[in-house]
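User: I have a protein model open and would like to understand how its parts pack together. Could you take me through it?

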Amino acid sequence: MSKPRVLSGIQPTNGSFHLGNYLGAVKQWVELQESHDAFYCVVDLHALTSSPDPKELRQNTLISVAQLLALGVDPEHCTLFVQSHVVEHNQLGWVMECLTGFGEASRMTQFKDKSQKVGNDRIGVGVFTYPMLMAADILLYQADQVPVGEDQRQHIELTRDLAARFNSQYGKTFRIPEGYILKEGAKIYDLQDPNSKMSKSAESLSGLIEILDTPEANTKKIKSAVTDTGREVRFDFAEKPGISNLLTIFSTLSGRTVADIENEFAGKGYGDFKGAVAEVVVEYLRPVRAKTLELLDDPTHLNAILKIGAEKAGAVASKTLGDVYERIGLLARG
């Protein structure tokens, strides 16, 4: 019996992944590649919506690939590739745009949020059409499931709607994917604003635990993390979000229960606790950082991995696009 197929992607932004990226997504990618036919891509085309510096985008894409490998994504057990290396993404993206109503695209939450922040005159059309390209990313590979966070559920619903609409209008072509909503157990919050999710869109990087930061930098961030009144190390997100966030990080990386950690630090102050959290984080990330830097020292090897991944992904994508083009009436190239 064949394994169910999953497709997921991550943007190559700002050089380093942060701990929230890893615990919220990549860690589960690593688990899924053992039980699924997994396709994972670095979505550099999606990154263009923020008008990145070309040199930085190119470098960040390689850094992202190296980090995925260092974190346990294994090309022997999945297909790892860069989105722009498979031209069918753009081509199917246009077909998806032609299937999508202006009204339903306008209702996408992320577009509405961003347009309200900067105004319609300053937001790129790519932000508006982003969900249609995302639908193409998924449908090209006939994915059964799409591992995403809760904030992407609306985009998965649009993808399902577009697949069903195409199938109804042109004949059965796409598998209707299911959202595989990633587990919430390791949700990590900003160290400086523990009521907000750890995110690259934060106003300051001082609240992010970045995988490629030096041990000294991450230690300083953790010791400077916002805490709460009192001295008790206790999980209570409503009353003590800062300490609760640090307890979640400590527990997730050490494998210890929150209750066990609370008992260890009963009667001790926040300073001792933060020092212990910093030690756990630093030691957990140390080999990942070292492996990433080692891989980046050999870009030829990275590019060889990506070439193989693009060929594997392209073989699947070209078959799907060929079926789509034939069914919508585009003339085959002689």
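Predicted model: local features only at pLDDT ≥ 70, side-chain atom pairs only at ≥ 80, totals over all residues.

User: Let us begin with the inside. How many residues does the largest nonpolar core have?

Analyst: The largest nonpolar core has 57 residues. Those with the most contacts inside it are Y40, L68, V73, I209, I249 and F273.

User: You listed F273. What is it in contact with, leaving aside its neighbours within four places in sequence?

Analyst: With those neighbours left aside, F273 is in contact with V233, I243, L246, L247, F250, I261 and F265. There is also a second, separate core of 38 residues, which includes C41, M132, I138 and L140.

User: Now to helix α9. Which of its residues are buried?

Analyst: In α9, which covers residues 215-223, the buried residues are N218, K221 and I222. Seen down the helix axis, the buried residues of α9 fall within an arc of 95°, so they line one face of the helix.

User: What is on the face turned away from that buried side?

Analyst: That face of α9 carries the exposed residues E216, K220 and K223.

User: What do the buried residues of α9 pack against?

Analyst: They pack against α10 and α12.

User: How do α9 and α12 cross, then?

Analyst: Their axes come within 9 Å and cross at roughly 150°. An angle over 145 degrees counts as roughly antiparallel, and α9 and α12 are therefore roughly antiparallel to each other. The crossing of these two helices is right-handed. On the α9 side, the contact is made by P215, N218, T219, I222 and K223. On the α12 side, the residues are K274, G275, V277, A278, V281, V282, L285 and R286.

User: What about α3 and α13: at what angle do they pack?

Analyst: Helices α3 and α13 pack at an angle of about 80°, and their axes are 11 Å apart. Angles of 65 to 115 degrees count as roughly perpendicular, so α3 and α13 are roughly perpendicular to each other. L62, V65, A66 and L69 of α3 make the contact with P299, L302, N303, I305 and L306 of α13.

User: Let us change topic to the loops. Where does G72 lie?

Analyst: G72 lies in the loop between α3 and β3. With a relative accessible area of 28%, G72 is partly exposed. Leaving aside neighbours within four places in sequence, G72 is in contact with V30 and Q33.

User: Which residues have a positive phi although they are not glycines?

Analyst: S51 is one of them, with a phi of about 50°. Q142 is another, also with a phi of about 50°.

User: Is S51 buried or exposed, and where is its place?

Analyst: S51 is in the loop between α2 (44-47) and α3. Its relative accessible area is 63%, and S51 is exposed.

User: And Q142: buried or exposed?

Analyst: Q142 is buried, with a relative accessible area of 16%. The place of Q142 is in the loop between α7 (125-139) and β4 (145-148).

Technical notes. Residues numbered from 1 in each chain as written. Heavy atoms only, no water. Core = buried A, V, L, I, M, F, W, Y, C linked by side-chain atoms within 4.5 Å. Buried < 20%, exposed > 50% of the residue type's maximum accessible area, 1.4 Å probe, protein only. Contact = heavy atoms within 4.5 Å. Helix = DSSP H or I, 4+ residues; strand = E, 2+ residues; numbered from the N terminus. Arc of directions from axis to C-beta. Axes fitted to C-alpha atoms, helices over the stretch in contact; angles between N-to-C directions. Parallel < 35°, antiparallel > 145°, perpendicular 65-115°, else oblique. Left-handed = near helix turned anticlockwise from the far one by under 90°.
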